[in-house]
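Visitor: I have a structure to look at and some questions about its labels. Could you walk me through them?

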Amino acid sequence: MNSKLTRRDFLKTTGAFSAILFLNLGFDLADVEASTNRLKIKYAKETPTICPYCAVGCGIITHTIDGKVVNTEGDPNHPINRGSLCSKGSSLFQVAINERRMKKPLYRAPGSDRWEEKEWGWVLDRIAHRIKETRDAGFIARESNMIVNRTEAIASLGGAALDNEECYLLAKLMRGLGVVFLEHQARI
Ligand code: SF4
């Protein structure tokens, strides 16, 4: 007889033993796990929000303590997802708690081989100036004796995470500038 204990045998034996022990002593691991989660968020502030990743728009509850995110989970009262989340939405916590999270805009100057951190004010001013320059340089006021007031030098590409109100504002802004090439990532 081969008396060698394989790793699989060991796991089977110890797993079965643990199950018997917990059953005999009346432990319910599901209750223990649920209580652990409840303890973690017991004094946390709950804020409902929407998953930013895709157009499904699942509802999420964010738990914070002293302004720090301690947990995120599906919102059971949300009509779209009723508490469930896909694997991407389930990892939303890592957007806030992540040592690799970028906290400032990065800018790479023309011809440069490196990125520099910039303040938001500087970046937004720069974007506004570049849009104005580009629009003015490529503006078409008339075509075939008709007033058209458009630019073909700028295109707008929306993302699936934009909600209705953001899409509305973006379309208004782009139409106001005379942009005619408006697209959306979900259509491509
Ligand atoms: S949880 Fe998943 S399906 Fe729901 S909005 Fe986020 S990415 Fe989309």
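Visitor: Where does helix α5 lie, and at what angle to β7 does α5 run?
Guide: This is a predicted model. In it, α5 (residues 120-137) lies across β6 and β7. Its direction runs at about 140° to β7. Helix α6 (residues 164-177) also packs on the sheet, where α6 touches β7 and β8. The direction of α6 makes about 140° with that of β7.

Visitor: What makes β6 and β8 edge strands?
Guide: Start with the order. Three strands form an open sheet, β6-β7-β8, with mixed pairing. β6 (139-143) and β8 (179-184) each have a single partner strand, so one side of each is left without a neighbour in the sheet. From one strand to the next, the twist averages 30°.

Visitor: How do you know that β6 and β7 are paired?
Guide: Pairing takes at least two bridges. β6 and β7 (residues 146-158) have four, in the antiparallel sense. E143 stands opposite M146 in β7.

Visitor: Why is α6 called hardly covered?
Guide: A buried residue needs 20 or more other C-beta atoms within 10 Å. Among the 14 residues of α6, the count that are buried is zero. Just after α6 comes G178, with a positive phi of about 95°.

Visitor: What makes the phi of D66 worth a remark?
Guide: Most residues other than glycine have a negative phi. D66 is not a glycine, yet its phi is positive, about 50°. D66 sits in the loop between β2 (59-65) and β3 (68-74).

Visitor: Why is D66 called exposed?
Guide: The cut-off for exposed is 12 or fewer. D66 has 8 C-beta neighbours inside 10 Å, so D66 counts as exposed.

Visitor: And R82: buried or exposed?
Guide: R82 has 12 other C-beta atoms within 10 Å, so R82 is exposed. R82 lies in the loop between β3 and α3 (87-90). Its phi is positive too, near 45°, and R82 is not a glycine.

Visitor: Which classes of residue make up the shell around the ligand?
Guide: The shell has seven nonpolar, three polar and one charged residues. Among the residues surrounding the ligand are C51, Y53, C54, N81 and K88.

Notes. Residues are numbered from 1 along each chain as its sequence is written. This is a predicted model: local features need pLDDT of at least 70, side-chain atom pairs count only at pLDDT 80 or more; totals for chains, interfaces and linings use all residues. A residue is near a molecule or strand if its C-beta atom, placed from the backbone, lies within 6 Å of it. Ala, Val, Leu, Ile, Met, Phe, Trp, Tyr, Cys and Pro count as nonpolar, Asp, Glu, Lys and Arg as charged, and the others, Gly among them, as polar. Helices (H or I, at least four residues) and strands (E, at least two) are DSSP runs, numbered from the N terminus. Axes are lines fitted to C-alpha atoms, for helices over the stretch in contact, and angles run from 0 to 180 degrees between N-to-C directions. Two residues are in contact if their C-beta atoms, placed from the backbone, lie within 7 Å.
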